[in-house]
Every structure is written in structure tokens, then in C-alpha cells.
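These are my notebook entries on one structure. I record what I looked up and the cut-offs I applied.

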Amino acid sequence: MIFIKLYMSEESFICAVQFLIIRGKMMKKTVLYAAAFALVMGLGFSVNAMAGDKGPAEMTLQATVDAAAKPKPAMFPHAKHQETLACGECHHGKDAAGKQVAYVEGQKNEKCESCHNKAAGMDKKIATFKDAAHTRCKGCHTEKKVSTKCDTCHKK
Ligand code: HEC
Ligand code: HEC
Ligand code: HEC
Ligand code: HEC
């Protein structure tokens, strides 16, 4: 029963199947096979779900933490960027000491402003969502000769 409790929050389906397998000795063979099959399917699905989480294809980015008085949403064709760029060109993490950690395949991608906000006290060029975004987005656009005019991202 403790075993069930531990796994319930994660993947109640797999937990139930594993429980069935643990109890398998007492079950009919056919039921056991069905349970094993369901387990394999269940694992397959959860692995797919992780590998496939590319986020939305199109996004409208808007700061919420240190937002400007006059909101200025930015268009971001996420999928288009994913076609040619590695996830780690934009996504990364943070360690316990507050240092940047390189992107790890399949990691959870938090919002930029969850780390880049005034309260966190980072360098001026990455202190807010706006600053971090302008540094990263415009930095690469300049490098790759893509437009950095305001209305490329901020539609009027
Ligand atoms: C050119 C930059 C860039 C690249 C490349 C990129 N992303 Fe993103 N991604 C972003 C930005 C910006 C956001 C929005 C973050 C925010 O809201 O603060 C985002 C958000 C996400 C989210 C969260 C969406 C949500 O609902 O909050 C996921 C998941 C994600 N990206 C996965 C990926 C994966 C996987 C790859 C590689 C295949 C990738 N991204 C490549 C910039 C990028
Ligand atoms: C989990 C926390 C976290 C998230 C989420 C995060 N960052 Fe960062 N980022 C950091 C840390 C820590 C540094 C290093 C700060 C320092 O050295 O002062 C950093 C550095 C940067 C830098 C400057 C260094 C470099 O790599 O060029 C840019 C630009 C940047 N982040 C942009 C972004 C963008 C854009 C997003 C969202 C797609 C994002 N960050 C999401 C923690 C985060
Ligand atoms: C590492 C490089 C890189 C980063 C980072 C990057 N971009 Fe781009 N972006 C490109 C390239 C290259 C293109 C041109 C793609 C194409 O036309 O196929 C592009 C195109 C675009 C376009 C479409 C422009 C048009 O004329 O159709 C928009 C909008 C855009 N980016 C917004 C953003 C935003 C917002 C961010 C930051 C959240 C960002 N980009 C970060 C490389 C980058
Ligand atoms: C390559 C894309 C890109 C370009 C070009 C760009 N920005 Fe941004 N900008 C962003 C992103 C992404 C954000 C963060 C999300 C948001 O709040 O809009 C942002 C945020 C802002 C914000 C804060 C908005 C808010 O609601 O808090 C202002 C103000 C701003 N930009 C002004 C400008 C001006 C002025 C220019 C032209 C000189 C410009 N930006 C060019 C992508 C871009």
C-alpha cells in the first residue's frame, strides 16, 4: 500500500499496473500478461510525452513580473526557430549557487522571467524578461542578419 501511495501522484495508471504485477503470483496468467502489456504501453506513452514537449508552435510573449506600464507583447514563432536551432540556444537552467547550467535534453523549461526578474538582481543586460529577451533574441538576429526592428517582434 505504501508503494501505491508513492507512485499515485506521478502516474496512477502505471502504479496500478505495477501493483498488479507485484501481486501477479496470485493472478491468472492472462491477467498478468494484460497487465505487463499495459505497463509497456504506459511507459511508451510517458516517454513520448516527454520527448515531444516542444511547447507551443506560436507564442505571444508578455512580461508579467516586471512588465512595462504599457504592455508590449512580442510575437515568437517558436516552431520555426526549433527547425534550425538547438533548444539550448535559448533554454538553460540554474544551479543551487545561481550559476547558469547548460540545457539538458528533456528538461523542464521554465519561463524566462521566473529567473530573470528584478528581485533576482542579475546583470543589467539580463535583469528582466525584456532585458534577457532583447539580449538573446536581438543578439542572435543581429548575428544572423535577421531584422531587429521593433515591429519584427512587436506588432503595431
Ligand atoms: C529561439 C529560442 C528558442 C528555442 C531555439 C527553443 N525555445 Fe522553447 N521557448 C522559448 C521561449 C522564449 C519560450 C517562452 C518562455 C517564457 O514564456 O518565458 C519557450 C517556451 C518553451 C516551453 C514552455 C512552453 C510553456 O507552455 O510555458 C517548452 C516546453 C519549450 N519552449 C521547449 C523547447 C524545446 C524542446 C526546444 C528545442 C526543440 C525549444 N523549446 C527551442 C525559446 C526557444
Ligand atoms: C532556471 C533559471 C533560468 C531560466 C528559466 C532562464 N535563465 Fe537565462 N540565465 C540564468 C542564469 C543563472 C544566468 C547566468 C546569470 C549570470 O551569470 O549573471 C542566465 C543567463 C542568461 C543570459 C546571458 C548569458 C548568455 O547565456 O548569453 C541570457 C541572454 C539569458 N539568460 C536569457 C534567457 C532567456 C531568453 C530565457 C527564457 C527562454 C532564460 N534565460 C531562462 C537563469 C535562467
Ligand atoms: C539563436 C538565434 C535566434 C534567436 C535566439 C532568436 N531568433 Fe528569431 N529568428 C532567427 C532566425 C535565423 C530567423 C529567420 C528564420 C527564417 O526566416 O526562416 C528568425 C526569425 C524570427 C521572426 C520572424 C521574422 C520574419 O521576418 O518573419 C520573429 C518574429 C522572431 N524571430 C522573433 C524572435 C524572438 C521574439 C526571439 C526571442 C524570444 C528570437 N526570435 C530569438 C534566429 C533567432
Ligand atoms: C527579436 C525580437 C524583438 C525585437 C526586435 C524587439 N523586442 Fe522588445 N521584447 C521582445 C521580447 C521577447 C520581450 C519580452 C516579452 C514582452 O513583454 O514583450 C520584449 C519586451 C519589450 C518591452 C517590455 C514590454 C512589457 O510589456 O513589459 C519593451 C518596452 C520593448 N520590448 C521595446 C522594444 C523596442 C522599443 C524595440 C525596438 C527598438 C524592441 N523592443 C525590439 C522581443 C523583441
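Entry 1, conventions. I take helices (H or I, at least four residues) and strands (E, at least two) as DSSP runs, numbered from the N terminus. The model is predicted, and I note that local features need pLDDT of at least 70 and side-chain atom pairs count only at pLDDT 80 or more, whereas totals for chains, interfaces and linings use all residues. Residues are numbered from 1 along each chain as its sequence is written, while chains are lettered from A and ligands numbered from 1 in the order in which they are written.

I counted a residue as near a molecule if its C-beta atom, placed from the backbone, lies within 6 Å of it. Ligand 4 is surrounded by 21 residues, and A63, A68, A133, C150 and C153 are the closest. I found that α4 and α5 each supply at least two residues of this shell, with α4 giving the most, seven residues. For classes, I counted Ala, Val, Leu, Ile, Met, Phe, Trp, Tyr, Cys and Pro as nonpolar, Asp, Glu, Lys and Arg as charged, and the others, Gly among them, as polar. On that basis the shell around ligand 4 holds twelve nonpolar, six polar and three charged residues.

Around ligand 3 I found 19 residues, of which F76, E89, C137, C140 and V146 come nearest. Two or more residues of its shell come from each of β2 (74-76), α3 (78-84), α4 (129-143) and α5 (150-153). The largest share is again that of α4, with five residues. The shell around ligand 3 divides into eleven nonpolar, four polar and four charged residues.

The nearest of the 19 residues around ligand 1 are G55, H81, C87, C90 and K111. Both β1 and α3 supply at least two residues of this shell, and α3 gives the most, three. I recorded eight nonpolar, six polar and five charged residues around ligand 1.

I next examined α4, which has 15 residues and reaches 21 Å from its first C-alpha to its last, close to the 21 Å expected at 1.5 Å a residue; the expected span is 1.5 Å times one less than the number of residues. I called a residue buried if 20 or more other C-beta atoms lie within 10 Å of its own, exposed if 12 or fewer, and partly exposed in between. F129, A132 and A133 are buried in α4. They cover an arc (of the directions from the helix axis to the C-beta atoms) of only 100° around the axis, so they lie on the same side of α4. On the other side, T142 and E143 are exposed. The buried residues of α4 pack against β1 (59-61) and β2. After α4 comes K145, whose phi is positive, near 60°.

I defined a nonpolar core as a set of buried Ala, Val, Leu, Ile, Met, Phe, Trp, Tyr and Cys residues joined through C-beta atoms within 7 Å. The largest has five residues: A63, C112, F129, A132 and A133. Apart from neighbours within four places in sequence, A132 is in contact (C-beta atoms within 7 Å) with C112, H116 and I126.

I located Y103 in the loop between β4 (100-101) and α4. Y103 is partly exposed because 16 other C-beta atoms lie within 10 Å. Beyond neighbours within four places in sequence, Y103 is in contact with C87, G88, H91 and H92.

Notes:
Two residues are in contact if their C-beta atoms, placed from the backbone, lie within 7 Å.
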